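Me: I am new to this structure. Please show me how to read its features, one at a time.

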Amino acid sequence: MSILINYVLSFITTVVTTTILIKKPLTLSIPSDRGLHNERTPSSGGIAIFFGLLLFADQFPNNIMYALLFSTLIGFLDDRFSLSKTFRFLSQLVIALLVILPNAEYSLIILFWIIFIIYFINIYNFMDGIDSLASIQSIYFIMSLALLYGFFPIITIPIIAFLFFNITPAKIFLGNSGSYLLGTLLASYIFNMGYDFQYINEIIIYTILLTIFLADATYTLLRRFIYKFKEQKSSFMDSMRYVTEPHCTHNYQILAKRYNNHGVVTLILMVYNIFWCLPLAYLISIGEQSLTESITFLLLSYFPYFIWCYKNKAGLPQKI
């Protein structure tokens, strides 16, 4: 009974906090030339999700709760004050160390996980550009794991509560507070499953479920680097800076401009998730596939999306 009360309280807490943030916004997203929104909209919705998650604090190790708190706080400060790239990087390094800390004895692979967690937090931030996409992706990921491994996805409750306000037309955005929070949350799932690489098939399952975010962001960033470095003959450092500059050349952003409807694009991407990525992950979960077979499923998940990015010229300057 007490668990059910927590579910209800988490939902209500998120709804109430979100409503307050809409009526009395702490931060506002201002429309820009590269943006996909036309109105000033309350942001930092991640704060509401964090308050909802607090009802399930006992479900998380202390270090993960500290990482979620810190990521929400840094994201909010970034929403409010536009922190420097250096400060953001150092903050993300702290988040990664908080996630990794209890398993620091695996010293030879700590660097890999630090890089991955920082990269994943940034990927989640990059992919939070249209209404509800980042929220629905996190719900899909956690509920898919619940389906494959047989547990109740309680921590999706505050995200679902927030989603009611984030569906097109969004009344509030996740903001950096939300994208940092959800990026940290999902990265911690991957790390805690596979920090020592003993469960490589499970890591592959997780990365298949995250195909859209990982494939879209990775393809786009690499294509932007190649365009600047090879095609425009820029220096390595100038090309790296170009990669980090704000832009709207992700595949999902190109689709949003083409259809002029965030909801349609989110639906298309979720269809890809549910009817292509999830069955591939399921096939790995039900059998004792070899590593070669699991990698084949991984490639089958990513390759069509890479082709999609290529056809849409993701990462390249777009004609207006």
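Me: Which helix do the buried residues of H11 pack against?

Reply: They pack against helix H10 (211-231). This is a predicted model, where local features need pLDDT of at least 70, side-chain atom pairs count only at pLDDT 80 or more, and totals for chains, interfaces and linings use all residues. Residues are numbered from 1 along each chain as its sequence is written, and side-chain values use heavy atoms, with hydrogens and water left out. Helices (H or I, at least four residues) and strands (E, at least two) are DSSP runs, numbered from the N terminus.

Me: Which residues of H11 are buried?

Reply: Buried means under 20% relative accessible area, exposed over 50%, and partly exposed in between (1.4 Å probe, protein chains only). In H11, residues 236-244, the buried ones are Ser239, Tyr242 and Val243. Down the axis of H11 they fall within an arc of 100°, so they line one face of the helix. The arc is that of the directions from the helix axis to the C-beta atoms.

Me: What does Lysine 228 touch?

Reply: Contact means heavy atoms within 4.5 Å. Lysine 228 lies in helix H10. Leaving out residues up to four places away in sequence, Lysine 228 touches Lys233, Ser234, Asp238, Ser239 and Tyr242.

Me: How many residues of H2 are buried?

Reply: H2 is mostly covered, with 7 of its 8 residues buried. Among them are Ile47, Phe50 and Leu53. The cover includes helix H1 (2-23), helix H3 (62-81), helix H7 (157-166) and helix H8 (175-194).

Me: At what angle do H13 and H14 pack?

Reply: Axes are lines fitted to C-alpha atoms, for helices over the stretch in contact, and angles run from 0 to 180 degrees between N-to-C directions. Helix H13 (residues 262-285) and helix H14 (residues 291-311) pack at about 165°, with axes 8 Å apart. That makes H13 roughly antiparallel to H14. Angles under 35 degrees count as roughly parallel, over 145 as roughly antiparallel, 65 to 115 as roughly perpendicular and the rest as oblique. The contact includes Trp276 of H13 and Trp308 of H14.

Me: Is threonine 207 buried or exposed?

Reply: Threonine 207 is buried, with a relative accessible area of 14%. Its place is in helix H9 (residues 200-209). Leu214, Leu298 and Tyr302 touch threonine 207, not counting residues up to four places away in sequence.

Me: What is the peptide bond from threonine 168 to proline 169, cis or trans?

Reply: Most residues other than glycine have a negative phi, and most peptide bonds are trans. The bond from threonine 168 to proline 169 is cis, with omega near -5°. Proline 169 sits in the loop between H7 and H8.

Me: Where is asparagine 260 found?

Reply: Asparagine 260 is in the loop between helix H12 (251-259) and H13. Its phi is near 55°, a positive value in a residue other than glycine. Asparagine 260 is exposed, with a relative accessible area of 69%.
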